[in-house]
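Thanks for coming. I will go through one structure this morning, a helix or a residue at a time, and finish with the chain contact.

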Amino acid sequence: MSTDTKYGRFGSGHSVRRIEDPALVAGKGQYADDVAPEGQTHLVFLRSPYAHAKILSIDATDARAMPGVVAILTGDDLVAAGVKPLPVSTNFPRPDGTPGVSPPRHPLAVGTARYVGEAVCAIVAETRDQARAARDAVFVDYEELPCVTSVTAATAPGAPRVWPEAPDNFAAGMRHGSAEAADAAFAKAAHVVELTLENQRLAPASIEPRGVLGTYDAAADRITLRMSTQMPSGVRDTLCDAVLGIPREKMRVTVGDVGGGFGMKTGAYTEDAVIAFATRHVQRPVKWIAERSEEFLSAVHGRDLLSHASMALDADGRVLALRVKSLANVGAYATPTGVAIQLLIGPWVSTSIYDIQTIDFDLRAVLTNACPTGAYRGAGRPEAIYTIERLMDAAARKLGMDPAELRKRNMIRPEQMPYKNPMGQTYDTGAFASITTQAQALADWNGFEARAAQSKARGKVRGRGIASFLEWTGGNVFTERVTVQVSGDGYIEIYSATQAMGQGIATTYAQLAVDVFNVPIEKIRIVQGDTDRGQGFGSAGSRSLFTGGSAVQLASRQTIDKAKELAADELEAGVGDIEYDAGRFSVAGTDRGIDLFELAARQGDRQVFVDATNTVEGPTWPNGCHICEVEIDPDTGEVTIDAYASVNDVGRVVNPTIVRGQLDGGAVQGLGQALCEQIVYDPDSGQLLTGTLMDYALPRVDMVRTFKTEMDQSVPCKNNPLGVKGVGELGTIGATPALVNAVVDALARAGLGERAATAVQMPLTPERVWKALQQRGA
Amino acid sequence: MSTVQFAVNGTPVSAEVEDQKLLVEVLRDTLGLTGTHVGCDTSQCGACTVLVDGQAVKSCTMLAVQAAGTQVSTVEGMGRADALGPIQQAFVDCHGLQCGFCTPGMIMATAGLLAEHPNPTDDQIVHALEGNLCRCTGYVNIVAAVRQAATALAADKR
């Protein structure tokens, strides 16, 4: 970390103000809907009002005659034009061993609509109002079919089938571990705890909805999509390879400012395919900006897992085995990510930071008539960590042990590193007990009883929850390519195919470049979001900094090396005699030298250009301990977050302010799951009951007043040269169990005892908590 | 169609608008002031907040024709990227934004609050921002930004 060089205060380790911000706070952001080319048309979708229905006919005759209508497209139109369905999950077999299945996910429904909000028809018109008016004139004749929206209903005997090839509605299944070994461990256990846990369905709900602007260059037969996405290359590749069947060079995807992603804007959507097709079809720019209700209906949902989990412990509180049976509601189409998240990625961290080698997991992905699921901040890890952290608390209560002590007794010790968990995942580093001890100090663990007494004196019930945990980051794509251009015009432009969506990547990368170039940060320009300039996996799974950032550092160093050779020629000296500092090359021991940018200007193309690819050695394993204290008003059941403290092992920190923002902002998303957020479908009709921000409760400004957040940098990651660990999802993963454990603790103290653990499920709305409190006398 | 005359960021504007057009649509589509954002269809998110005659208003809840004769302020009127106003600067200084999509609405809601309560309590800040949703920051830094902005504006007045 450079602190003593000329521009070091803008290098890594410092809370540099974000270079993204001035434009954004001045209203000069360029989000998806902020660009409007000449001749732009507007596309709206007609969506299924039924959770499950045959589409008998679509009559758009009247709609086509409406003012301003340019085109109306149906699923059959797209099939006739050769458009193929989007990829569905095929990697995981069904529980009976037969190949995994899913209904084909057509860009517009063909023959059958399988969830409320599935796009059935697309209307293109000169204005959005005209498109909406024409949408109302499209007549679709549906035959309603029986539907299921929950895993319980979908796996009941005689349940309606979402897809005939899955008569039991199982799209896929996975077993991990050994049932026999787990049986033996449970048989000799001194204690067994078991819980049924609902990890409810959530809406990622970025404040900027999805949006796509398609343009078509007829002369080059080339489609450009300018869109709000985390994965421009992935969108292009899927649409070209699988859906449209065109060469990749016939499509360019560009990205402006992205108003939040949280995993929801990864990969290609059906809507993206329709825009790409439509712009080529009408040979004009076509824009679609999702309405909020469309986002609730059709942007992927997260979580939605029903787990029955049990843990066997010996008399001393050492965990002998973990058994989890889960049903994951993956919705009407089993997307590759939706299935992998629940069957594989989450389970990678199911044993978390604990030394547990005996597992028995039976995980199943269930088709329902609900919106497909996909990545949402944490993506499987929140579900896995919630499960084990709830079990840990239940075990501590059963054994009469301090919950932190029980956890520490089971933690993997630093000397066990590298540690291979029973899912075959290898943790490179971790000082888990130290992190928890620090968090206890930060939270004034020992002062809790006094605070509980004070709460009681005020008529409130206080509870404390702890979650100690780790997570996996990286998407298992470890290679990133970066180009560096030192321009003769006096700036350094760095292109990366990772994608900003609010994380502050540009500032962070610029700081890493300042470390190497030691020039003012204003000289660094970070460019992203253009598949013509570079391709890569994009930003997901908290991977950008440790993969892309490592590549920025490498590419910057290679640029200096290359420029040194050029400087040696210019200065007629040996390369070994050339020194670089603060934007200037000089010949050692002389006053001869040349400015970096001057050197670039003297090259034939007025630049020094380096194209570098770097591969890091593996994922990162950030971890932390989050401790939450709540007060419950027994008259109303309302939960108030009174204190929140966390210590986070995030490896080396490039920008402390940005990292803290990720941790705290992420924590509030996790608290939202714990307290208020839930997607609800009506079980009979399959209608979405939480289709607006009036019905779906996002956290508001009053949720948390202060965070005590600390970062422990003493255990750098060994798998990347920066020593950094991914931080985007850590707060979300820790916050949910910390808060729920606090409420359960409060309920237990209020008189429910061990019953508290089974008295509530998320979200912990006042009604649910109040009802649980009424069990006190029972 | 109606002709609507009002002032935006101090500049008189005359626009031909369809009667059903919302103020936010005219600001964005007719006047090209895309700093005011649309994040929902139900007036819940507050990304479209502007000032109308000094009061914070969600511009998706108001017809453009209703703005006739008023003074409308948008985020573009609060300062330029190379010369930020005190509220904008406070959001930058306090890391009160991440993706930035809700930020113009937050800034305008803050402007409305500070016009009424130049030295707000935390409860007043929380009350004023209850109608503005942010999914990134967790709000704590936004509240800090409002506090800093209040201090900066008070210092400017002295």
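The buried residues of helix α13 of chain A pack against α12 (403-410), β18 (461-470), β26 (623-632), β27 (639-649) and β28 (708-712) of that chain. This is a predicted model, so please keep that in mind throughout. Which residues of α13(A) are buried? The helix runs over residues 432-442, and the buried ones are A:F432, A:I435, A:T436, A:Q438, A:A439 and A:Q440. Just after α13(A), A:D444 has a positive phi, about 50°.

Next, α12(A) from its other partner. The axes of α11(A), residues 381-399, and α12(A) cross at roughly 110° and come within 9 Å. The two helices are therefore roughly perpendicular to each other, and the crossing is right-handed. On the α11(A) side the contact involves A:M392, A:D393, A:A395, A:A396 and A:L399, which meet A:P403, A:L406 and A:R407 of α12(A). Sorted by class, that contact has 6 nonpolar residues, 2 charged and no polar ones.

Now a second pair in chain A. Helix α15(A), residues 505-517, and α16(A) have axes that come within 9 Å and cross at roughly 30°. This crossing is right-handed. From α15(A), the residues A:I505, A:T508, A:Y509, A:L512, A:A513, A:V516 and A:F517 take part. They meet A:S544, A:L545, A:G549, A:V552, A:Q553, A:S556, A:R557 and A:I560 in α16(A). By class, this contact divides into 9 nonpolar, 5 polar and 1 charged.

A:A540 lies in the loop between β21 (524-527) and α16 (544-571) of chain A. Is A:A540 buried or exposed? There are 28 other C-beta atoms within 10 Å, so A:A540 is buried; the cut-off for that is 20 or more. Setting aside neighbours within four places in sequence, A:A540 is in contact with A:Q230, A:M231, A:G263, A:T266, A:A375 and A:G475. A:T498 is 42 residues away from A:A540 in sequence, with a C-alpha to C-alpha distance of 8.7 Å.

That leaves chain B. Its mean pLDDT is 97, and 100% of its residues reach 70 or more. For the complex, the predictor gives an ipTM of 0.99 and a pTM of 0.97.

Within chain B, helix α2(B), residues 86-93, and helix α5(B), residues 140-157, have axes that come within 8 Å and cross at roughly 140°. The two are therefore oblique to each other, and their crossing is right-handed. The contact is made by B:P86, B:I87, B:A90, B:F91 and B:D93 of α2(B), together with B:A145, B:Q148, B:A149, B:A152, B:L153 and B:D156 of α5(B). Its residues by class are 8 nonpolar, 1 polar and 2 charged.

Last, the contact between the chains. How many residues of chain B are in contact with chain A? There are 44, and they touch 43 residues of chain A. On the side of chain B that touches chain A, α2, α3 (103-116) and α5 each supply at least two residues. By class, that side has 23 nonpolar, 15 polar and 6 charged residues.

Key
Residues are numbered from 1 along each chain as its sequence is written. Chains are lettered from A and ligands numbered from 1 in the order in which they are written. This is a predicted model: local features need pLDDT of at least 70, side-chain atom pairs count only at pLDDT 80 or more; totals for chains, interfaces and linings use all residues. Axes are lines fitted to C-alpha atoms, for helices over the stretch in contact, and angles run from 0 to 180 degrees between N-to-C directions. Helices (H or I, at least four residues) and strands (E, at least two) are DSSP runs, numbered from the N terminus. Angles under 35 degrees count as roughly parallel, over 145 as roughly antiparallel, 65 to 115 as roughly perpendicular and the rest as oblique. A crossing is left-handed if the near helix is turned anticlockwise from the far one by less than a right angle, and right-handed if clockwise. Two residues are in contact if their C-beta atoms, placed from the backbone, lie within 7 Å. Ala, Val, Leu, Ile, Met, Phe, Trp, Tyr, Cys and Pro count as nonpolar, Asp, Glu, Lys and Arg as charged, and the others, Gly among them, as polar. pLDDT is the predictor's confidence in each residue, from 0 to 100. A residue is buried if 20 or more other C-beta atoms lie within 10 Å of its own, exposed if 12 or fewer, and partly exposed in between; C-beta atoms are placed from the backbone.
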